[in-house]
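I opened my notebook and looked up a few things in this structure. Here is what I wrote down.

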Amino acid sequence: MLFVAAAVTFPITVRATLEVDPAVLYQQMKDAYAKAEADGWNFRGQEIYLSTIFNAGRAYSLQYPNDPAYGELATLTVSIGTGLHYNPLTNHDGAVWWVREAADWVSKHSDDVQLIGQAQALLQRVNSEDDPALLARLADQDANANLMAYPGDIDALLIRVEADWRAWLLTHDPQWRSLALARAAASNFPIAHLPTNWGNELVAAANRASTDDGYSRANVQNAETMVARLKAVDPIRVIASVTALPHDVYLSTLAPADEYFGPMGMSILEIENRLKHINFMLDYDYGNQESDPAMNVVNSIVAMQKVYPRDRDLPMLMYWCYTTLERMTDEQSRAGARRLKAILTIEYQDSPQARKLLGT
């Protein structure tokens, strides 16, 4: 199915610290749309187009939330995200917060019953971060739906195995590991295109698979088949994964040291200093008295993630703040810890900090 980019108008006034030219972002959308249309709307083309919509939507949310274009981008996010079976476990745009916001807006403002239903389905996915078992099932369901829409597509085949492997890491339910090995051993699986992040871990698991380690005999056979197929192509292995359009215009890799986030306007340095101070006070048994200051830090980190989801220090800051909150027992701190854990273990699952929380 082809999707037409909405006509978006652009205000002149910038009202946020983040300053991005919406016209540039909209041009990215148009370029991605034109290229995908020329290529016949394959899976990767849809992924890239959706990524440009996320970029524009986030920019409007942060800079122009009252502009009519905000609603148009929220609607595009829901319709195209649904068409591509968006799932937070396998999408790596760091846009869960925007998808949630867009789906919520559509649910409250749209008159289109079908679109509202799509928004509700997306909300189920982005709000399942506290229910790993449900999210795992939805990720596998969404990956299968994409493969039905794009039979034999390399990226769709890769994402289905990725969904199962990430579901295993998230839930420790061996059924997902079994599915990942079985599907990776299949003759139509593009073994030469395994990416370096989750793919190398899958290979490592296959190499060490044995009945002594709790693998079933079928698991071991699938692992051996997968390893044999990989060895046959390893000299020409293509290191690739489904990646979004580079965020060079809207999202830089590192947050500037002099930029401030959240209601309290904290810089990265201040976030770190606040965490040091809170932990110092906790060492002196201040306990839940530090809950409010800690939640101010949570809000600043979450605000930073909205603008700079690829900042290299984000996983470290989230983990540090999470472990700080775990030292307190009040419900506010527990809720803050759950929020950070969900973001870290789903949107940043490949980070060392997420793996500590996942126990892998």
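I began with the surface: F280, Y284 and Y286 make a nonpolar patch of about 340 Å². A patch takes residues with over 30% relative accessible area and no salt bridge, nonpolar side chains (Val, Leu, Ile, Met, Phe, Trp, Tyr) being joined within 5 Å. A salt bridge is a side-chain nitrogen of Lys or Arg within 4 Å of a carboxyl oxygen of Asp or Glu. Areas are Shrake-Rupley values with a 1.4 Å probe.

I noted that this is a predicted model, with local features needing pLDDT of at least 70, side-chain atom pairs pLDDT 80 or more, and totals for chains, interfaces and linings using all residues. Residues are numbered from 1 along each chain as its sequence is written, and side-chain values use heavy atoms, without hydrogens and water.

Where does Y286 lie? I found Y286 in the loop between helix 11 (268-283) and helix 12 (291-307); helices are DSSP runs (H or I, at least four residues) numbered from the N terminus. Y286 counts as partly exposed because its relative accessibility is 35% (buried is under 20%, exposed over 50%, partly exposed in between).

Next I checked backbone angles. Most residues other than glycine have a negative phi. W41, not a glycine, has a positive phi of about 50 degrees. W41 sits in the loop between helix 1 (22-39) and helix 2, and is buried at 6% relative accessibility.

I also looked at H172, with a positive phi near 60 degrees. H172 is in the loop between helix 7 (154-171) and helix 8 (174-185), and is partly exposed at 38%.

How values were computed
Patch = residues over 30% accessible without salt bridge, like charges linked within 9 Å, V, L, I, M, F, W, Y side chains within 5 Å. Helix = DSSP H or I, 4+ residues; strand = E, 2+ residues; numbered from the N terminus. Buried < 20%, exposed > 50% of the residue type's maximum accessible area, 1.4 Å probe, protein only.
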